[in-house]
Amino acid sequence: MKIRRNKFFAAALAVVCIAALAAGCTKEEPKTDETATPPTEETTTAPDGASEEKEAVKDGEAADANEADPAQQTALIYGKVKEVIEEDGKTNKVVLDTDEIGEMVLNLSDDTVWIDSEAKTASDPKTLAEGEEIYVFHSIAVTNSLPPQTAAFAIIRSVPQDASCAIYMTVDSVEQDGEQVKISANYGEYEVITDKDTAFSDYKTKNVVTAADVKEGSTIAVWYTNVGETSTNQADHIMILPNMK
């Protein structure tokens, strides 16, 4: 009986020791993770530095966005009309064949303006025909589809070979300087001046308009002459356009 008890107690003691050791290992594993400070510091330090750079870039991008609204930024392209697509009796798409990127689909809207550059008047979209060569001011946002698609802001037609086409602009600022008015447009891309010889017209109506009708945020089409080697352009004619909705 004595021997049996000793064996029983020995076996019980062994079980307790094994359980204690197992519990001790289980507790030490989290401690090992918690005390693994060097790897944790390395992984947290790098993202902190990277996040600071990203925040700086985001701040810079935000500043640029405030200065130049992508929704209003434009690009100019020239090409030949390959197809005119109508829906419900209204021209809503134009397929343009260009030397730069091949075919491009122009998505039209009620905000798209149609300008006869030679006559300096509005143009009728219904007269657009295949084979006609046009200039288009379009959104800088272009799809990755084939062919690429973009929103057309202004269709410039009837451009004389010996003259530049009308330039579609959004006014940044207007400054009166004596008899001249200085206009900055398209986020500083264009600087033009008007004087007593500059003609003005309204896109939709025959109302009399003047330099006083050109304000910050106005959308205009400008025919200008470059003055010497300076960046200043003398406005020959300014057409006041309806602002985009």
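Asp177 is partly exposed, with a relative accessible area of 37%, where partly exposed denotes a value between the limits for buried (under 20% relative accessible area) and exposed (over 50%), computed with a 1.4 Å probe on protein chains only. The structure is a predicted model, in which local features need pLDDT of at least 70 and side-chain atom pairs count only at pLDDT 80 or more, whereas totals for chains, interfaces and linings use all residues. Residues are numbered from 1 along each chain as its sequence is written, and side-chain values use heavy atoms, with hydrogens and water left out.

The protein averages a pLDDT of 78, and 68% of the residues score at least 70; pLDDT is the predictor's confidence in each residue, from 0 to 100. Over residues 1–66 pLDDT stays under 50, and for this stretch the model has one contact beyond four places in sequence, a contact being heavy atoms within 4.5 Å. Where pLDDT is low, the predicted coordinates should not be read in detail.

A search of the whole structure finds five salt bridges, each defined as a side-chain nitrogen of Lys or Arg within 4 Å of a carboxyl oxygen of Asp or Glu. One of them joins Asp177 to Lys182, with the closest N and O atoms 3.6 Å apart, and Lys182 is itself partly exposed, at a relative accessible area of 36%. Another is formed by Lys196 and Asp197, whose closest N and O atoms are 3.6 Å apart; Lys196 counts as exposed at 68% relative accessibility, as does Asp197 at 58%. A further salt bridge links Lys90 and Asp110, with 3.3 Å between the closest N and O atoms. This pair connects distant parts of the chain, 20 residues apart, since Lys90 lies in strand S2 (residues 90–98) and Asp110 in the loop between strand S3 (102–107) and strand S4 (113–116). Strands (E, at least two residues) are DSSP runs numbered from the N terminus.

Strand S10 (residues 190–194) is largely enclosed by the rest of the structure, because four of its five residues are buried. Strand S9 (residues 180–185) runs antiparallel to S10 and is joined to it by five bridges, pairing being assigned if DSSP finds at least two bridges between two strands. Within this arrangement, Ser184 has Glu191 in S10 as its bridge partner, and in the hairpin of S9 and S10, with four residues between the strands, Asn186 takes a positive phi near 50°. S10 also pairs with S13 in the parallel sense, over two bridges, and Ile193 stands opposite Gln234 in S13.

Leu241 belongs to strand S13 (residues 233–241) and counts as buried at 5% relative accessibility. Beyond four places in sequence, the residues that Leu241 touches include Val113, Ile115, Tyr203 and Ala221. Ile115 is, with Leu106, the residue that touches the most other members of the largest nonpolar core, which has 43 residues; such a core is a set of buried Ala, Val, Leu, Ile, Met, Phe, Trp, Tyr and Cys residues joined through side-chain atoms within 4.5 Å. Among the contacts of Ile115 beyond four places in sequence are Ile155, Arg157, Trp223 and Met239. Arg157, in strand S7 (residues 149–157), is likewise buried, at 5% relative accessibility, and its side chain forms a polar contact of 2.8 Å with that of Glu132.

How values were computed. A polar contact is a pair of N or O atoms within 3.5 Å; within protein, one must be able to donate a hydrogen and the other to accept it, and residues adjacent in sequence count only if both atoms are side-chain atoms.
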